[in-house]
Amino acid sequence: MKAAKKTGKQKPKSLTIENVIDKPSPEAGPMVFIAEAEWQMREQRHLQRIQDVKICAGFINESIDDYDKLQKLHSIKEHWDRYVNCDGLPRVNDPPDLRQFIAELRHIEWEDELAVIDWSLSVNERSILTQDIDAKNMTREVLEKRLRPDIGKLFDVSVQRILTTWDRIERMFDCDFELDQIPPNRAIEITLISSELSREIDLLFDKLTYRIMCAPNSYKTSFDGIMEGYCYQSSNYNFEIWWLRDVPIRLNYLELPLMVAKLNCVGVSVQIPINVLIENLTLRCVHTFFDPYSDFAKSSTLTIDKAVNDLNAGMTDIEDCLINEWVMQTAIMNSMITRIEQKNILYEENLRELEEKMAHAKNDPDVLKKLKIPKEPLKIPDGKFPDPYKNFLEQEQMDFEDFIEQCLHPSTLKLQADEVNLRCFKILGGIFAMSFVHKPKHTEFATFNTTFHDKNRKLYALEDMHAIHSFHDHVDSEDDDEQLDVENRTSEKSRRSRKFSRSRLQFAQSTKTPSMMDLHLDGDDVQYFFVSINLPEELCLFGEPIACQYLDEMVDEEQPEMEFVEESEEPRGKKKKGKQTTKRRKDIAVTDLLPLKRTSRKSKSSEDEARFEFPRPRASSITPKSKVPNNVYRRSRRSSLQDMSLRNSGQPAVVLRNFPLMETPLNSLQMYQLIKHCLPRLLSSFKFPQEFKMEQMVECAERRKGNRLLRRTAMANDCVESDIAKEPEYLSFVKQQGPERLFPIFDWREKVMYEQSRSGSSASESQFKVVKIDQMTKSFLDPKNDNKTQSMYAVLQTLDEIQHEYVSRPNRLLDQQGAHSNRRSRSDHSAPYAGKPKSNVRISTQGSKIYHGRASRPRVSATDSISFDSGGSHSTLSHHSGAGHRHGKPYFTFDDERPQIHVKHWTTKHIVDMKFNRETYVATIKTDRLGLFGFAFKRYIHFPFRDWKLQLSEERPNEIVFTLDTFHVRVFLFITNIGIRGYVTKISDEFVAHPVKYLEIKEPISDYRELRKRFTEKNMNIFAQNDACFYIENGYFSEKHLATELHIYDAFAVHCKLLKFYRCGWNRLATRRNMILCLRNPKDYNDGADVTVRVTPDNSTFVEVSEPCSLDLEEVKLDYQLTWRNISTYSDLHQLINSMYPQATDLRNRDPKLIYYIRTLFAEVRPLSFS
C-alpha cells in the first residue's frame, strides 16, 4: 500500500477499507479437514472396534468370574480347615482375636520364665569322685544335655506363629473378596495390629537376650578365658550374643587397641575399637531372613496426588480406553472449531477498528502508513470438520510423558544423596541387627547366684556406643531413671583415655601373620568399627551390593530452593531467544484450546457470533460406560489403609467411635473409654464444673451464716444459689486456679483417630472417614453445643484445648517485659557468644510426660526456643535450660533454626567405606556405629529382556511353557491350572543335560505374591513396577500402550493352546502405540507359518517390518508393509488369529484358572514393554 505524497494543492485519495487491505490470503497451517460423512464413518468404525474387542474381553471376563467363584469357595474351605484343625492362630479378620493372640504370646513367655530353675546350681563336678555305683553323675557335661532348657526354641515358635499370622494378614489384604467383607474401621485396626506384630518380634528378641544375660552360665554355648557367647539358629533367623566375662580385664594393656567379636552363628565378624570397650561389654546380633522395616521406609511407596481417572495411559480395560480416546478426539475437534470461531470474530473486530482509524486519519498519510493489516484467519469449509487425529496422538503422548515426569520421576521422592531409593534398589539377604546392650550384674556362687536386675527387667540398648565421637548421644530405653544410671556406669569408664603402645601397633601392622591378616590397622582404621558379613553367593552373581543402615530419626526439613531470575538489559521491544526445551508446544492441548481474549475495547455483536458460528458434529453415541474406569496409577485400597493407619507414626493410634453422653445411659464399654481417654488429659489440680458450683454454694452458705439478721441478704443469697444451680456446666481453663508446675507433666496416653460420618442417619448406617484431631472442624466438634449434641469427641476436643493452654502458659510468662530485659542483660554479659547464631533446641516426645534428667548437659541460652508435641498439642516455649529424656529417647537436637521431620529410611550416612570380595562374597563395612544393616541390590538388574516365547508343552497337553531370557539368565515357567512351577538357569543355545539352576520351584505356586517373593529373594526379579522405566540401565526398550498390551495378553491366554507367540526384534524400536510380535502354529510345518503382526489401539495387521534410510539420528522410524494376509480389517489380535485359523475360537483355552494365571503373569512381567 502506498500513501499519496503531501503537496501544497494536491489532496489525498479517498481511502476505504478496500483500498487499504490487499486480497486476503488463507492461513497457512497444518490443519487438515475431513468431510462430515467421513467423520461419521470414522465414528462407526470406532464403535465397531469397541464391539469387537468385547468378544475377546468377554472370554476373559467369564474366566475371571469363574475364577473368583472358585477362590471364594477355596477361601471358605480354608477358613473351615483352620477352624477344624485348631492351629492356635487367630482369625486375621478379627482385631480382638489378634490382640488376644499377642497377649497369649506374652503370657506363655511369662509362665516359662517363672517355671525355669537355674540348672547350673545342681552341677557338682565331684560327683564322679566316688566308688558308689549308684551315685548320679552331676557334672556339667551330663546335666547340660539332660536339664538345660532350649530357651531359643520357645521364642522361635512364637516368632514363627507371628510370621504366619502376619502372612495371613497380607494375603487377606491382597484378596478383594475378603477385604470387601471387612468394614473400613476394622481394616484400619487390623493394619495397626500388623505393625504391632513386627514390634512384638523385637520385644521377643529383647526378652530372650535379657533372660540369657541374667543367667549367662546356664545358657552359654561357647566360652574362653574372657569371652562367652550364646547361639541359636532357626529357619527364620539366626541369633547370637557375645559378651565379656565378669573378670578383671586390663583394657589399657591389650596387645592391640581393639577386640574382634567373631559371631560365626550369623556369619558376622566385628572389629571393636578401644574407645568402645568397657567391662561386661555385650554385643547382640540378630540376622532375620525377613524384612519388617523396608515397608515403612521413606521411598518404599509412591504417592500420586494427581487425578488419574481420565489418564488414558493408565487405563487397564481396552473398552474404557477406546471410549476415552474417542471422547478426547471429540473434545479436541470442538476446541479447534471454537478457536477458529474466536479468531474470525477477533478478525472482524480488528477490521472495524482499522476502518474507524482510517476514517479519522484520511488527511494524514503518516498515520496510514503505521496501520497494520490483519491477516485473514482460516475458515472451515462447508460440510467439513477439522481432523483431530494427529493432534490427539500428540496430546495423548504428551499427557503420558508429563504424568510420568511429574509423578513417577525419582526427583518426586525428594531423597538426599545418602538415602537409598527403594524404587531402584531392593534390600536382600535379610537384616543384620547389631547393638550393644546393657548386661545386668550377675554373680555366681557355689550354691546360689544373685542378679541385680535393671528396672522393670527390661533390656536397655546402648545406642551411644559410637567410635571416634564422644558419648554425646543418649540411650534409647523405656525408663529415664534407670537408663541414666546405666549411662553413668558405662560412660565414665568409656570416656577414660586409654593409652596403648604405639610400637606394638606398628609391629602388628608390619607383621603378616594369619591372625593379623583380617585386621584393619592402617591409618585411622583402628578407631572405627569393621563389620564383615558373609553374603549368599546367589545374591552377588550379577552385581555388587550397597551396604546401608536403617535409621529412625529426626532430620532437617528440606527447604525449597529460591530461584532468582535476572532481568535482561535488552530493550523490551526486542524478542529474546528462549531456551529450547524437550517438551513440544502444547498448542493442541485440550486445556489450552480456550477462547482467545479480546483485545478490542468494543464488545462483539451478536451478528458476528451468528456469522462465524461454524457447524459442529452431532452428539456422539460413544459414551463412557463407567464414571471411574480402572487405572493402574490409582491408589490401591491397601495403600489407602496404610496411610489411614498412620504407618509412619512411631506410636500406634486407636480408632475411637463417637457416642452421645447425655441422651442415653452409658454402658460399661463407653465408661471405660471415657476413663481411658479423659483421665490422661487431666492434671491433678484440675477441677470440674460441679466442683466450682459446690465451692460457690459453700461460699454463699458461709455468708448467710454471718448475716442471719438481714432478711434481704438471705433472700439474695438464695437467689444466687439458684442462679449457680442453673448455670451451665462447661469445662474451662480460665477457672483453673489450682497450684501446678510451671511446665506441666501429663500422663502417657494413646493417640486417637476419629471417625467422621459421611452419610446415613445412624452410626450403623453411616460410612466413616478417619481423621486426625487437628483436621476436625468447628462444626464437627463444638463443645459448647446443647446437651443433645454433647458427645465423646466434644469432651476430648475440649480437654485437648485445655491441655494446650497449660502447655503454652509458660510461653506467656517468659514473654513478659521483665523476661525480655533479663534476656537482654544476659546477652550483653555473654561476650564470647555475641557473634554466634542462636541455637534451636527441639523436643520431640511421644506422649506428654517430660523428664528433666540429672546428668550434666550443655548449657542452653535463655533465648533458645523449645518446641514440643505434648500428646497431640503443639506449642512453643522459651526455657532457660532444656535437657532430659522421654522414654529413653533424646528430645533435644541442635540445629540451625530449621524445622525437623520424622523420617525412617535406609541410608549410607554412617557408612564410611565398604569393600566387597567377589571370591569369598564377604562385605566389609567401615562405620562409626552399629545398628540395622542391610544390603541394597539393583531391582532391575535383569532388565530389559533378551527374548521370550509362549507355547504349549510337548509332553503335557494342559501345560503352557513360558520361556524368558533376561539380561543375565533364562527362566522356564510351566503354567497349569494348579499353579506355576519352573527354574532359572544360564543362557545357552545348546542342550545341557544337567543345567545349573539358580532357582527351582518344584511345587506349583498359585499365589503370585509368593511367586514374586521367590524370585526376588534370589535376586532374580522379573516383575516390573510402574516406574521401572527410570531405573533400567542395561539396554534399550520401549514401554507400550498399557490397555492394548494387556488386551494382547488376553489373546495369549485364550489362544495359547493353538499358537506359539514369541518376540520380534523390531518391537523395542517401535513407538509406544505400536506393538510387534510373531506367532505361528507349531503343528503347521509350512515355511510361511511364521507371521509378524503389528498391533495398535486402532487395529491389527500382518506386516513386514523394515527400517528405511533416514538422516534423523534422534528417532528410529520403521516402515510397515502390509502382506497378502490382510484380507479384511481386524480390530484386535483375536480377530486376526481367527482370520488365519477359523477354528481358533472353538479350540480356545477354556480353563478359567489357566487363563487367570497366564494373564496375570504376563501383566506382571510385561515382556512386550521390556524386551
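Biologist: Which residue's side chain meets Arg 171 in a salt bridge?

Modeller: Glu 78 does, at 3.8 Å, N to O. In general, side chains of opposite charge can pair when their charged atoms come close. The cut-off is a side-chain nitrogen of Lys or Arg within 4 Å of a carboxyl oxygen of Asp or Glu. One caution: this is a predicted model, where local features need pLDDT of at least 70, side-chain atom pairs count only at pLDDT 80 or more, and totals for chains, interfaces and linings use all residues. Residues are numbered from 1 along each chain as its sequence is written, and side-chain values use heavy atoms, with hydrogens and water left out.

Biologist: Where do Glu 78 and Arg 171 sit in the chain, if the pair is in a salt bridge?

Modeller: Glu 78 is in helix α2, and Arg 171 is in helix α5 (residues 151-174).

Biologist: Why is Glu 78 called partly exposed?

Modeller: Because its relative accessible area is 24%. Buried means under 20%, exposed means over 50%, and partly exposed lies in between (1.4 Å probe, protein chains only). Arg 171 is also partly exposed, at 33%.

Biologist: What does Arg 211 pair with?

Modeller: Arg 211 meets Asp 112 in a salt bridge of 2.9 Å, N to O. Arg 211 lies in helix α7 (residues 184-214) and Asp 112 in helix α3 (residues 95-115), so the pair ties together parts 99 residues apart in sequence. Arg 211 is buried, at 8% relative accessible area. Asp 112 is partly exposed, at 25%.

Biologist: Which residue meets Glu 325 in a salt bridge?

Modeller: Arg 1073, at 3.1 Å, N to O. Arg 1073 is in the loop between β32 (1060-1063) and β33 (1075-1080), while Glu 325 is in helix α9 (residues 318-360). The two are 748 residues apart. Both Arg 1073 and Glu 325 are buried.

Biologist: Now strands. Which strands pair with β6?

Modeller: Two strands pair if DSSP finds at least two bridges between them. Strand β5 (residues 258-263) is joined to β6 by six bridges, and the two run antiparallel. Leu 258 stands opposite Pro 273 in β6. Strand β12 (residues 529-534) pairs with β6 over four bridges, also antiparallel. Here Val 270 stands opposite Val 531 in β12.

Biologist: How many residues lie between β5 and β6 in the hairpin?

Modeller: Four. Gly 267 in that turn has a positive phi of about 70°.

Biologist: Is β6 (residues 268-273) mostly covered or uncovered?

Modeller: Mostly covered: five of its six residues are buried.

Biologist: Which residues form a nonpolar patch on the surface?

Modeller: Trp 80, Tyr 83 and Val 84, with about 400 Å² of accessible area together. Patch residues have over 30% relative accessible area and no salt bridge; like charges are joined within 9 Å, nonpolar side chains (Val, Leu, Ile, Met, Phe, Trp, Tyr) within 5 Å. Accessible areas come from the Shrake-Rupley method with a 1.4 Å probe; for residues, only the protein chains shown count as cover. Val 84 lies in helix α2 (residues 36-85). Val 84 counts as partly exposed because its relative accessibility is 47%.
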